[in-house]
Amino acid sequence: MADVRTNRFKRDLGGRQQLGIFSTFASPALTEMFAQLGFDWLLLDTEHSPNEPSEIVAQLQVMAALPAEPIVRPAWNDMVMVKRWLDFGAQTLLFPYVQDAEEAARAVSYTRYPPHGVRGVSGSSRAAAYGLIPDYFAKVQKEICVIVQIETAEALAQIEEIANVEGVDAVFIGPADLAASMGHLGNTQAPEVQAAIDDGFKRLKAIGKPAGYLTNNEGEAIRRVAQGIDFVGVANDTTIVARGARSLLATVKGG
């Protein structure tokens, strides 16, 4: 009998460190490959990537039987698209550019059915196994995971208030936009930026809120993993493919 899928990412959040990558190619085949390489999670990005709804559904389908858990990043904190991603079967959402507690509360409300939120009701969606899950509405909420992304100095200053919003399961610090907001566009490794990130993680740890991060810098990835950040994106798929191709080309040319 069909049942609501267990969200392993949410189950393990805060209990063990989970490593993943950002998936941006909008390719079910590549997603299928990366989901079998040992990563705990893959983030399917719709903010900066050409992932359309049908492509996200296809990637969720190929990941359903694979070890890595999917996270979907909506393009914006938007009620309509959040409703669609959830109905398509996404269980963990990473909301970009959350600036304050009010915006965080709004994000949470988009993932809850009335009277606790404003999510539109459908019992025949893919998430509900097309109507085949008994008591779907009574079961689904415990598997929904809300992550909010801190991307500016203004939001970082309010990180405790944002993190403490009821229903926020974790906070993700986005270094690229944070660096830009601090006057260091394109330089996430600037000492001022790194110090601000370290301070943000320290404050999240002090209130017991799970924290996440992404970096394409291998040295920093190693440092963040050693730091004990709860879920760390150690690269994105474009970086992995580009580095591998460059390395191969250099090796062949050198030979």
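Predicted model: local features only at pLDDT ≥ 70, side-chain atom pairs only at ≥ 80, totals over all residues.
Residues are numbered from 1 along each chain as its sequence is written, and side-chain values use heavy atoms, with hydrogens and water left out.

Me: Which residue of S8 stands opposite Tyr213?
Reply: Helices (H or I, at least four residues) and strands (E, at least two) are DSSP runs, numbered from the N terminus, and two strands pair if DSSP finds at least two bridges between them. Strand S7 (residues 211–214) pairs with strand S8 (residues 231–236) in the parallel sense over three bridges. Within this pairing, the residue of S8 that Tyr213 stands opposite is Val232.

Me: Are the residues on the two faces of strand S7 buried or exposed?
Reply: The term buried means under 20% relative accessible area, exposed means over 50%, and partly exposed lies in between (1.4 Å probe, protein chains only). Ala211 and Tyr213 are on one side of S7, Gly212 and Leu214 are on the other, and both faces are covered, so that by this definition these residues are all buried.

Me: What is the relative accessibility of Gln18?
Reply: Gln18 lies in strand S1 (residues 18–23). Leaving aside neighbours within four places in sequence, Gln18 is in contact (heavy atoms within 4.5 Å) with residues including Arg8, Trp41 and Val232. Gln18 counts as buried, because its relative accessibility is 2%.

Me: Which residue forms a salt bridge with Arg119?
Reply: A salt bridge is a side-chain nitrogen of Lys or Arg within 4 Å of a carboxyl oxygen of Asp or Glu, and the closest N and O atoms of this pair are 3.0 Å apart. The pair links distant parts of the chain, with Arg119 in the loop between helix H5 (101–110) and helix H6 (136–139) and its partner in helix H4 (residues 79–88), 32 residues apart. Arg119 counts as buried at 2% relative accessibility, and its partner, buried at 15%, is Asp87.

Me: How many residues apart in sequence are the parts that Arg243 and Glu218 tie together?
Reply: Arg243 forms a salt bridge with Glu218, the closest N and O atoms being 3.1 Å apart. Arg243 counts as partly exposed at 36% relative accessibility, whereas Glu218 counts as exposed at 52%. Arg243 lies in helix H12 (residues 237–254) and Glu218 in helix H11, so the parts that this pair ties together are apart in sequence by 25 residues.
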